[in-house]
Amino acid sequence: MAEAARPAGIAAPLRQATSKIELPLSEPAWARIVLTAIALLFLAAFLVLPLVVVFVEAFSEGARVYARAITEPEALAAIRLTVLTAAICVPLNTAFGLAAAWSIAKFDFRGKNLLLTLIDLPFSVSPVVAGLVFVLLFGLQGVFGGWLAAAGIKIIFAIPGIALATLFVTLPFVARELIPLMQAQGSTEEEAAIVLGASGWQTFRRVTLPNIKWGLLYGVLLCNGRAIGEFGAVAVVSGHIIGLTNTIPLHIEVLYNDYAFAASFAVASLLTLMALVTLGIKTVLEWRLVDTAAGGIH
């Protein structure tokens with residue numbers, strides 16, 4: 001009403017004055033250069049340089065020593081145990097993450113906030129403390145230790161304990177990636193599919209899963225990366241039994257403490273390569289997620 005009542009002779013100068021106002025759209029060139037240089041120096045000092053050092057030290061005594069370090073029985077046992085642990089934890093956390101994200105994003109129920117808090121618990125608890133809790137629960141002197149020993153079940157200082165500790169620290173990754181994605185998408189498409197006669201499984205397989213596939217893969221990738229590289233919780237529950245309960249990170253520590261520096265860096269280079277591959281796939285999935293959010297991929 002005020003705009004309509006304003007005389008044309010006054011409105012025109014106001015529009016001209018407004019159009020002349022120029023807002024700064026970017027920082028000065030020198031500021032961009034300085035900030036970029038600081039970021040590059042930081043990445044070079046704390047990311048690129050350590051990676052270079054790992055591979056330089058790994059091959060410092062020649063390719064023969066490198067090959068021997070990664071093919072010795074203890075190293076192969078550590079690799080097998082690491083792969084086995086990831087193979088156990090990633091599918092379980094994927095199934096849990098899907099179920100938790102579905103229930104939290106699609107339904108309102110009593111205890112929803114408590115469930116969210118429990119999902120975030122591994123982020124706030126030190127992995128070492130988490131491992132200690134499992135020892136206090138399932139160790140020989142723990143709460144359930146006597147009953148487990150009588151039943152002939154060994155959890156601590158065995159593969160089940162390593163799997164439990166890794167399962168705990170990797171619990172939030174899939175769920176926390178899917179919850180905001182599914183909340184943003186809403187439930188309109190699922191409701192339409194059900195109205196048209198689709199079953200629950202058909203709705204999930206043909207509607208929900210295609211919409212969340214890139215977010216799901218991203219969460220699985222993060223979960224797998226953490227499972228492979230976990231040290232603190234696993235170090236507490238494993239017992240450091242060489243050839244039996246040492247994962248790759250623990251085997252690296254053993255080699256380094258024994259002053260086998262070239263061998264420790266050789267095994268560490270395998271873990272570094274896994275991390276670089278994970279980072280590359282993560283970057284591709286991030287591009288996919290951005291495209292999906294923009295409507296480019298469905």
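How do the residues of the lining of the second largest pocket divide into nonpolar, polar and charged? In this predicted model, local features need pLDDT of at least 70 and side-chain atom pairs count only at pLDDT 80 or more, while totals for chains, interfaces and linings use all residues. Residues are numbered from 1 along each chain as its sequence is written, and side-chain values use heavy atoms, with hydrogens and water left out.

The lining comprises 9 nonpolar residues, 2 polar and 1 charged (nonpolar: Ala, Val, Leu, Ile, Met, Phe, Trp, Tyr, Cys and Pro; charged: Asp, Glu, Lys and Arg; polar: the others, Gly among them). A pocket here is an open set of points on a 1 Å grid over the protein atoms alone, where a 1.4 Å probe fits, with protein on both sides within 12 Å along at least five of seven lines; lining residues have an atom within 4 Å of a point. The space in this second largest pocket is about 180 Å³, a volume filled by probe spheres set on points joined across faces, edges and corners. Among its lining residues are Val135, Phe138, Leu148 and Lys154. Helices H7 (127-138) and H8 (145-150) each give two or more residues to the lining, and H8 has the largest share, with 3 (helices are DSSP runs of H or I, at least four residues, numbered from the N terminus).
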